[in-house]
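User: Hi! I'd like to learn how to read salt bridges in a protein model. Could you walk me through this one?

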Amino acid sequence: MKTLWTMIGLAALSQGLLAQTNRTPGSASGSRDEAANALAEANRVLERARASGQTELQRRTREQAADNGRMEKLMAEAKSNVAPSNQAPEKARVAQSDARLSQAISTISPEGKALLAQNEAVIPTLRVPDPVQPRAVATKLQY
C-alpha cells in the first residue's frame, strides 16, 4: 500500500513537471521528452502497483472464503455429531411432575401451607471452602 501512494505521488510530480516544461519556450523540448518519459514510467509503475494491490486483495478474499468454508464445514460436522435430543420425553416428565406437585399442594392443610411458606425464606449458606493444596510429606531415610 505504501508503494501505491509513492507511485501516486510520483505521477502527480511528473505531471506538474510536464506542465511546467510545456510553458517554457522551445528550448525545453528535450526536457519535455524527459518529462513525458518520466510521466510514462510513473504511470507504468502506478499501474503495476494497482495490479499488485488488486491481486493481493483477491488472494486475501480467496483465503477468507476458504477459511469460512472450513469453519462452516466444522460447524456442520459438530452439529451432526450432537446426540439426538430427547426433549419430548423430558417435557412429558416435567409436565407430569408439575401436575403431581400442584395436586399435592392443593391437598395440603392450612397449617402445612404456613410451614411451607415459612421454609421458602432464603437460608444463608456457607461459602464453599477453597481447595487445600497437598502438603509435601517428608520421609525419613534409613541406612
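User: In which helix do D67 and R70 both lie, and how many residues apart are they?

Analyst: Both D67 and R70 lie in helix α2, 3 residues apart, which is about one turn of the helix. A helix here is a DSSP run of H or I with at least four residues, numbered from the N terminus. Before we go on, this is a predicted model, where local features need pLDDT of at least 70 and side-chain atom pairs count only at pLDDT 80 or more, while totals for chains, interfaces and linings use all residues. Residues are numbered from 1 along each chain as its sequence is written, and side-chain values use heavy atoms, with hydrogens and water left out.

User: OK, what is a salt bridge, and how many does the structure hold?

Analyst: The general idea is that side chains of opposite charge can pair when their charged atoms come close. The rule used here asks for a side-chain nitrogen of Lys or Arg within 4 Å of a carboxyl oxygen of Asp or Glu. By that rule, the structure holds 8 salt bridges. One of them links D67 and R70, with the closest N and O atoms 2.7 Å apart.

User: Which residues do salt bridges with shared partners join into one network?

Analyst: That would be E56, R59, R60 and E63. Take E63 and R59: their closest N and O atoms are 2.5 Å apart in a salt bridge. They sit 4 residues apart in helix α2 (residues 29–81), so about one helical turn separates them. E63 is partly exposed at 38%, and R59 is partly exposed too, at 32%.

User: And where is E56, and what does its side chain contact?

Analyst: E56 is also placed in helix α2, and at 28% relative accessibility it's partly exposed. Its side chain makes a polar contact with the side chain of R59 at 2.4 Å. A polar contact is a pair of N or O atoms within 3.5 Å; within protein, one must be able to donate a hydrogen and the other to accept it, and residues adjacent in sequence count only if both atoms are side-chain atoms.

User: Which residue does R48 meet in a salt bridge?

Analyst: R48 meets E41, with 3.8 Å from N to O. R48 is exposed at 53%, whereas E41 is partly exposed at 34%.

User: Now zoom out: how many helices and strands are there?

Analyst: There are 4 helices and 0 strands, a strand being a DSSP run of E with at least two residues. Along the sequence that reads α-α-α-α. Of the 143 residues, 10% count as buried.

How values were computed:
Buried means under 20% relative accessible area, exposed over 50%, partly exposed in between (1.4 Å probe, protein chains only).
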